[in-house]
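Hello,

Here is the structure for you to look over. My notes on it follow below.

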Protein chains: 2
Amino acid sequence: VDEGFGPANLPYGIAVSRRFDGPRVVTRVGARVIDLAALAEAGVVRREPWWSQPSLNAFMAAGPAVWAEVRDRLGEVAGELVSSDAATRSRIEAALHPVDDVTMLLPIEVGDYVDFYASEHHAANLGRILRPGQDPLPPSWRHLPIGYHGRSGTVVVSGTQVRRPAGQRRGDPDPAFGPSERLDVEVEVGFVVGVPSTMGAPVPVEAFAEHVFGVCLVNDWSARDIQAWEGQPLGPFLGKSFATSVSAWVVPLAALSGARLPVGSAGRPLLPYLREPEPWGLDLSLELLVNGEVVSRPPYASMFWSPAQMLAHLTVNGASVRTGDLYASGTVSGPEPDQRGSLIELWGNERFLADGDEAVIRGTAPGADGTRIALGEVAGSVSPARTRR
Amino acid sequence: VDEGFGPANLPYGIAVSRRFDGPRVVTRVGARVIDLAALAEAGVVRREPWWSQPSLNAFMAAGPAVWAEVRDRLGEVAGELVSSDAATRSRIEAALHPVDDVTMLLPIEVGDYVDFYASEHHAANLGRILRPGQDPLPPSWRHLPIGYHGRSGTVVVSGTQVRRPAGQRRGDPDPAFGPSERLDVEVEVGFVVGVPSTMGAPVPVEAFAEHVFGVCLVNDWSARDIQAWEGQPLGPFLGKSFATSVSAWVVPLAALSGARLPVGSAGRPLLPYLREPEPWGLDLSLELLVNGEVVSRPPYASMFWSPAQMLAHLTVNGASVRTGDLYASGTVSGPEPDQRGSLIELWGNERFLADGDEAVIRGTAPGADGTRIALGEVAGSVSPARTRR
């Protein structure tokens with residue numbers, strides 16, 4: 001599990017531990033986390049109030065020049081870790097902790113959470129399941145990245161147990177109420193906004209890297225029976241809002257510079273605000289595990305809409321973004337049957353999550369130095385529904 | 001305009017002024033605002049850090065016992081205002097400011113913003129317009145309060161100019177892009193959460209008053225052409241997310257105790273979690289003005305779902321609420337043609353908002369002392385779309 005956390009990665013998270021006071025910004029190299037507040041104390045990175053905070057937000061708001069500077073210094077630290085020179089190592093010794101000695105918290109204070117629907121394979125699969133006999137894609141699908149707002153107050157960090165939601169589902173003649181019988185997962189990739197924008201001023205596709213700080217993995221837990229009954233005409237609500245899990249680590253965009261590749265919308269006729277010189281996505285290899293068994297390998301390379309297109313669309317009406325805003329890709333599904341990112345696509349209505357089941361999403365990407373880098377996993381197990389009424 | 005701000009009202013807001021330092025929690029009596037930080041200094045209300053903050057959130061989180069205590073003291077202060085005893089008045093003199101000398105800010109730091117669809121007349125009107133020939137209400141409509149999440153980062157206070165959004169709309173054969181040609185308003189009532197709930201623990205209908213602090217007015221600006229093209233299958237997104245305006249004043253629930261009346265769902269067969277002994281709504285008389293002319297008088301008394309039912313539904317799946325969460329009723333439309341709360345319902349496709357138009361929503365309610373109390377107005381004028389591409 002320490003693989004993928006080499007010097008090409010250097011993700012950020014928030015840790016607490018009996019070994020230091022309060023939450024700290026940390027990065028990770030192998031099996032060790034590095035406390036940035038201690039590095040600042042040692043004069044290795046700039047002293048700022050950012051490092052002893054319960055979220056990455058203050059650091060993320062500082063902008064790309066600062067992100068690059070800090071990443072440079074952390075790269076040097078990662079080199080010193082393997083240095084044979086004791087004096088060199090002693091400079092950073094106080095900042096090092098075994099990863100098993102810390103508890104990772106939710107890394108960001110989430111502003112608005114938006115969920116897109118950017119995989120053509122997923123949208124088509126769901127369209128065939130939910131609206132059989134009709135065109136599986138809505139008419140606007142290839143013209144704009146469809147999305148909706150989710151609940152930011154129930155975004156939780158990997159490892160948090162997820163209670164099975166209760167709710168209404170279709171019944172005959174009257175709706176039934178009870179624990180969801182169709183609890184599903186959605187394998188997604190999330191993008192975290194660092195630098196805010198101004199209300200009324202759209203963020204053009206070219207300005208993506210001036211605003212977006214990094215990438216996390218997302219499990220958009222979904223209760224299919226609740227979702228199907230409530231969803232018209234205003235979209236998903238309680239079928240999704242009970243929990244959304246994110247990885248504890250946010251991988252900075254700079255770590256993914258070697259993972260860029262064209263997305264499905266490249267070369268398509270698009271309205272000008274969605275045109276990029278080279279619309280690029282990310283070559284992330286994802287895995288969905290249920291109870292330790294890999295059940296799917298969704299390739300993020302197969303997405304239609306790019307991260308920059310999603311942000312440009314989200315703001316083209318003048319909506320502003322804030323530090324901590326999270327937007328997710330929507331379920332990542334590839335063209336092959338074993339590349340689907342949700343259980344309803346993989347298994348139809350045959351099987352959903354049982355109480356006690358654990359779902360884990362993992363991902364890796366090619367690093368700039370030829371190694372592979374890991375995205376932090378998103379794990380969550382299902383606890384039984386509350387029985388109240 | 002000072003009418004409706006008598007001692008039966010005592011709403012809360014956030015003000016800045018050259019007359020004092022920083023934002024302050026204030027209430028209003030007639031043409032004067034009363035600075036609670038100054039009252040605390042004078043020993044009239046408890047000294048707390050709440051009063052010198054940029055939002056009501058800290059005060060709202062303190063809970064119903066504190067809300068009642070502070071309201072009692074403010075009631076005494078309102079009495080002292082008209083006292084002929086100079087010594088009595090001098091105690092509060094330093095806290096008083098002419099309402100014209102302060103600028104009101106957004107009163108709450110918004111957590112999640114949810115918008116319901118709780119007026120049967122509105123839902124049926126829109127269903128007939130958008131899905132002609134079909135049953136105007138979706139099958140779940142009378143079984144649950146349909147809702148969705150909106151964008152909390154673009155909630156703005158009354159008086160903020162709203163820029164006309166640009167976006168995609170349906171075209172033939174390809175979609176068009178440009179400033180919305182169908183900019184509309186929605187007259188709504190908002191409920192503000194003070195006391196948070198725990199994830200996994202639904203808030204039952206009986207616990208409504210333990211969590212909800214007060215009421216504001218809401219204009220859910222809507223670009224009908226953007227909304228129609230993007231909305232399937234995930235609901236409203238950019239057609240709504242550019243701006244949502246709220247009143248500067250939050251009227252505490254206690255002020256509305258004389259305004260309770262049964263809602264449309266009273267006596268209907270409902271699932272147990274939505275049953276209230278007496279599901280009550282509020283007898284709020286609303287007005288929509290365009291450029292100073294009253295164009296509609298939507299009665300909040302005509303709503304189907306109650307505020308407590310909306311909160312119980314919102315949390316029945318285990319979703320938590322946070323201090324500052326805002327949930328709105330959805331457009332308030334009564335049964336009569338001149339009681340509709342949106343322009344598309346009032347005027348079809350004949351007329352929408354032009355640049356420079358001002359929309360104002362006002363509301364009053366019966367106060368407990370026989371006078372009428374005013375909800376703060378929500379005003380906003382339309383500025384031209386950005387012309388960028």
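At 3% relative accessibility, A:Cys216 counts as buried, and B:Cys216 is buried at 3% as well (buried means under 20% relative accessible area, exposed over 50%, partly exposed in between, with a 1.4 Å probe and protein chains only). Over all chains the structure holds zero disulfides, a disulfide being a pair of cysteine sulfur atoms within 2.5 Å.

This is a predicted model, in which local features need pLDDT of at least 70 and side-chain atom pairs count only at pLDDT 80 or more, while totals for chains, interfaces and linings use all residues. Residues are numbered from 1 along each chain as its sequence is written, chains are lettered from A and ligands numbered from 1 in the order written, and side-chain values use heavy atoms, without hydrogens and water.

A:His211 lies in helix H6 (residues 208-211) of chain A; helices (H or I, at least four residues) and strands (E, at least two) are DSSP runs numbered from the N terminus. A:His211 counts as buried, at 11% relative accessibility. Its side chain reaches the backbone oxygen of A:Val195 at 2.7 Å. Beyond four places in sequence, the contacts of A:His211 (heavy atoms within 4.5 Å) include A:Trp67, A:Val203 and A:Leu311.

Chain A also has an open, antiparallel sheet of five strands in the order S4-S3-S2-S1-S5; two strands pair if DSSP finds at least two bridges between them. Strands S4 (96-98) and S5 (103-105) stand at the edges with a single partner strand each, so one side of each has no neighbour in the sheet. Four bridges join S1 (residues 13-17) to S2 (residues 20-29) in chain A, and A:Ile14 has A:Val25 as its bridge partner in S2(A).

Regards

Notes. Polar contact = N/O pair within 3.5 Å; in protein donor to acceptor, adjacent residues only side chain to side chain.
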